[in-house]
Amino acid sequence: MEQKNDKVYKLALTGLMAALSYVVFTFLQIKIQLPGGDATSIHLGNAVCVLGALLLGGFYGGLGGAIGMAIGDLLDPVYVVYVPKTLLLKLCIGLITGFIAHRLGKITESNDRGHVLFWTILAAAGGLLFNVVADPLVGYYYKLLILGKPAAEVSLAWNLASTSINAVISTVASVAVYMALRPALKKSGLFFRMKPIIRRRPMHQG
């Protein structure tokens, strides 16, 4: 019964993170128009993706961020062609962040604030560093090979710059919000503690 409640709680918060990432990405972004009708932007959508991974684990957190920002792309005539790329890369941000935070750092099992802060920073930086490398490169080949955009080389440098800026501000924002939310969630009884997966040994017959 407890496992079922945990899943419902996770799904509800995944939906909340999707809505939050959509709002932050869509309405709080600074869009930069590029040659060839393309664009890049400075935004905090990735911070929501990382925050979700810190709170819910990599898959659910990344899924929430990916869905929210993909919807933002879908409703924008400039970004609509990048929906598949957004879904893939934002989910990967969550998976990497969640792996570092929960599988390596075990931040939900620790009561040592210094330990939690260190691994939270490391996890956020790791997930967003992946995005700094992958987003411009995947975007370049996606534009060049799939969309056939001749201005792919021009937008590569702009995308690298904007993605780097996004990574820095998203790391700071996600870590600050998580560290502020953590004691409040614990006090209210809403803190989700990651549980290790227990594998059952098969029963031997004979």
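**A walk through the predicted model**

Start with the record: the unreviewed UniProt entry annotates residues 12-32, 44-67, 87-104, 116-138 and 158-181 as "transmembrane region". Keep in mind as you go that the model on your screen is predicted.

Select residues 87-104 next. This span is 100% helix and 0% strand, and 25 Å separates its end C-alpha atoms. Then move to residues 116-138, again 100% helix and 0% strand, where the end C-alpha atoms are 32 Å apart.

Now look inside. The largest nonpolar core has 33 residues, and those touching the most other members are Met-17, Val-50, Leu-54, Leu-55, Leu-56, Ile-107 and Tyr-178. Two or more residues of this core come from each of helix 1 (2-27), helix 2 (45-56), helix 3, helix 4, helix 5 (113-147) and helix 6 (152-188).

Finish on the surface. Select Ile-67, Ile-71, Leu-74, Leu-75, Val-80, Val-81 and Leu-87, a nonpolar patch with about 550 Å² of accessible area together. Helix 3 (residues 58-74) contributes the most to the patch, with three residues. Zoom in on Val-81, in the loop between helix 3 and helix 4 (83-104). Is Val-81 buried, partly exposed or exposed? Its relative accessibility is 34%, so Val-81 counts as partly exposed.

Key: Residues are numbered from 1 along each chain as its sequence is written. This is a predicted model: local features need pLDDT of at least 70, side-chain atom pairs count only at pLDDT 80 or more; totals for chains, interfaces and linings use all residues. Side-chain values use heavy atoms; hydrogens and water are left out. Patches are made of residues with over 30% relative accessible area and no salt bridge: like charges are joined within 9 Å, nonpolar side chains (Val, Leu, Ile, Met, Phe, Trp, Tyr) within 5 Å. Accessible areas come from the Shrake-Rupley method with a 1.4 Å probe; for residues, only the protein chains shown count as cover. A salt bridge is a side-chain nitrogen of Lys or Arg within 4 Å of a carboxyl oxygen of Asp or Glu. Helices (H or I, at least four residues) and strands (E, at least two) are DSSP runs, numbered from the N terminus. Buried means under 20% relative accessible area, exposed over 50%, partly exposed in between (1.4 Å probe, protein chains only). UniProt positions are given in the numbering used here, feature names are shortened, and annotations may be inferred rather than shown by experiment. A nonpolar core is a set of buried Ala, Val, Leu, Ile, Met, Phe, Trp, Tyr and Cys residues joined through side-chain atoms within 4.5 Å.
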